[in-house]
Amino acid sequence: MRVRLVDIAHARSGDKGDTANVGLIALDPRWYGLLEREVTRERVAAHFAGMIDGDVVRFELPNLCALNFLLHGALDGGGTLSLKTDAQGKVYSTALLRMELDVDDAEIAALGLPKAP
């Protein structure tokens with residue numbers, strides 16, 4: 001079954017130079033383990049393929065039930081140099097929340113996860 005990140009997490013994003021910073025926070029502490037397991041550096045890089053030119057780095061913040069991603073090469077030089085419409089990386093959080101995860105029905109039931117419509 002599919003689970004949408006937007007239904008189980010919230011996110012914030014911003015920038016530092018050419019790097020977008022995206023924080024992903026579980027809406028329920030029980031759901032952090034799923035985020036930690038499924039929202040990998042590789043998966044985020046694939047999700048943003050064609051939008052970023054550099055590496056993706058992931059940091060775990062279990063005490064906050066959160067993950068933080070640095071998306072290098074995301075801003076075409078940064079706010080003062082970029083011609084992108086979002087040179088500060090504000091929409092990367094919304095874009096990440098569009099990701100969907102495949103989760104088996106038993107885990108959905110055990111964690112009380114909402115299913116994607």
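Let's start with one side chain. A polar atom of the Arg-30 side chain sits 3.3 Å from the backbone oxygen of Leu-111. A polar contact here is an N or O pair within 3.5 Å; within protein, one atom must be able to donate a hydrogen and the other to accept it, and residues adjacent in sequence count only if both atoms are side-chain atoms.

A word on the source. This is a predicted model, where local features need pLDDT of at least 70, side-chain atom pairs count only at pLDDT 80 or more, and totals for chains, interfaces and linings use all residues. Residues are numbered from 1 along each chain as its sequence is written, and side-chain values use heavy atoms, without hydrogens or water.

Back to Arg-30. Where is Arg-30 found? In the loop between strand E3 (19-26) and helix H2 (32-38). Helices (H or I, at least four residues) and strands (E, at least two) are DSSP runs, numbered from the N terminus. In sequence, Arg-30 and Leu-111 are 81 residues apart; in space, C-alpha to C-alpha, 6.6 Å. Beyond its neighbours within four places in sequence, Arg-30 is in contact (heavy atoms within 4.5 Å) with Ala-110, Leu-111 and Gly-112.

Now the sheet. Four strands form an open sheet, in the order E2-E3-E5-E4, with antiparallel pairing. E2 (9-16) and E4 (56-61) are the edge strands with a single partner each, so one side of each has no neighbour in the sheet. Pairing needs at least two DSSP bridges between strands. E4 and E5 (residues 66-71) pair antiparallel over six bridges. One detail there: Val-57 has Leu-70 in E5 as its bridge partner.
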